[in-house]
Amino acid sequence: MEFNNYFILGCSAIGAGLAVIAGIGPGIGQGIAAGHAAAAVGRNPGAKSDITSTMLLGQAVAETTGLYGLVVALLLLFVKPLVVK
């Protein structure tokens, strides 16, 4: 019975680590989006407000993936419903 508890806790920790890796994708995507937006503003400075608002909306949508990964990691670390006492 004791082995099962430690096994479940270990698997939860590994799963939390894997869930946090989900933050890498949004970070890379937001950097690429910001770079392309800066290039677009350099080509057409008159459309700066439209480009900036579209970029920020896209980055907010992309960030939700990283936040979901963080929530899953926190749930796996701090909520242990399968541990038998």
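In the predicted model, Met55 is in contact with Ala33, Ala34 and Ala37, when residues up to four places away in sequence are not counted. Met55 is also one of the residues of the largest nonpolar core, which has 5 members in all: Ala37, Ala40, Ala47, Ile51 and Met55. Two elements, α2 (24-43) and α3 (48-78), each give two or more residues to this core.

Helix α3 was examined next. This helix has 31 residues, and the distance from its first C-alpha to its last is 44 Å, close to the 45 Å expected at 1.5 Å a residue. Its buried residues are Ile51, Met55, Gln59, Gly66, Gly69 and Ala73.

Gln59 is another residue of helix α3. Its relative accessibility is 17%, and Gln59 is therefore classed as buried, since the term applies under 20% relative accessible area. Leaving out residues up to four places away in sequence, Gln59 touches Gln30, Ala33 and Ala34.

Leu56 lies in helix α3 and has a relative accessible area of 48%, so it is partly exposed. Along the chain, Leu56 and Ala34 are 22 residues apart, while their C-alpha atoms are separated by 8.7 Å. Leu57, also found in helix α3, counts as exposed because its relative accessibility is 58%. Leu57 and Arg43 are 14 residues apart along the chain, and 21 Å separates their C-alpha atoms.

Phe78 is likewise part of helix α3. With a relative accessible area of 63%, Phe78 is exposed. Phe78 also contributes to a nonpolar surface patch of about 740 Å², together with Leu67, Leu70, Val71, Leu74, Leu75, Leu77 and Val79.

Apart from neighbours within four places in sequence, Pro26 is in contact with Ala62, Glu63, Thr65 and Gly66. Of these, Gly66 is listed among the buried residues of α3. Pro26 and Gly66 are 40 residues apart in sequence, yet the distance between them is 6.2 Å, C-alpha to C-alpha.

Gly66 is also touched by Ala22, as is Gly69, when residues up to four places away in sequence are set aside. Ala22 is found in the loop between α1 (2-20) and α2. At 30% relative accessibility, Ala22 is classed as partly exposed. Both residues that Ala22 touches, Gly66 and Gly69, are buried residues of α3. By contrast, the C-alpha atoms of Ala22 and Ala40 are separated by 28 Å, with the two residues 18 positions apart along the chain.

Notes: Residues are numbered from 1 along each chain as its sequence is written. This is a predicted model: local features need pLDDT of at least 70, side-chain atom pairs count only at pLDDT 80 or more; totals for chains, interfaces and linings use all residues. Side-chain values use heavy atoms; hydrogens and water are left out. A nonpolar core is a set of buried Ala, Val, Leu, Ile, Met, Phe, Trp, Tyr and Cys residues joined through side-chain atoms within 4.5 Å. Buried means under 20% relative accessible area, exposed over 50%, partly exposed in between (1.4 Å probe, protein chains only). Helices (H or I, at least four residues) and strands (E, at least two) are DSSP runs, numbered from the N terminus. Contact means heavy atoms within 4.5 Å. Patches are made of residues with over 30% relative accessible area and no salt bridge: like charges are joined within 9 Å, nonpolar side chains (Val, Leu, Ile, Met, Phe, Trp, Tyr) within 5 Å. Accessible areas come from the Shrake-Rupley method with a 1.4 Å probe; for residues, only the protein chains shown count as cover. A salt bridge is a side-chain nitrogen of Lys or Arg within 4 Å of a carboxyl oxygen of Asp or Glu. The expected span of a helix is 1.5 Å times one less than its number of residues.
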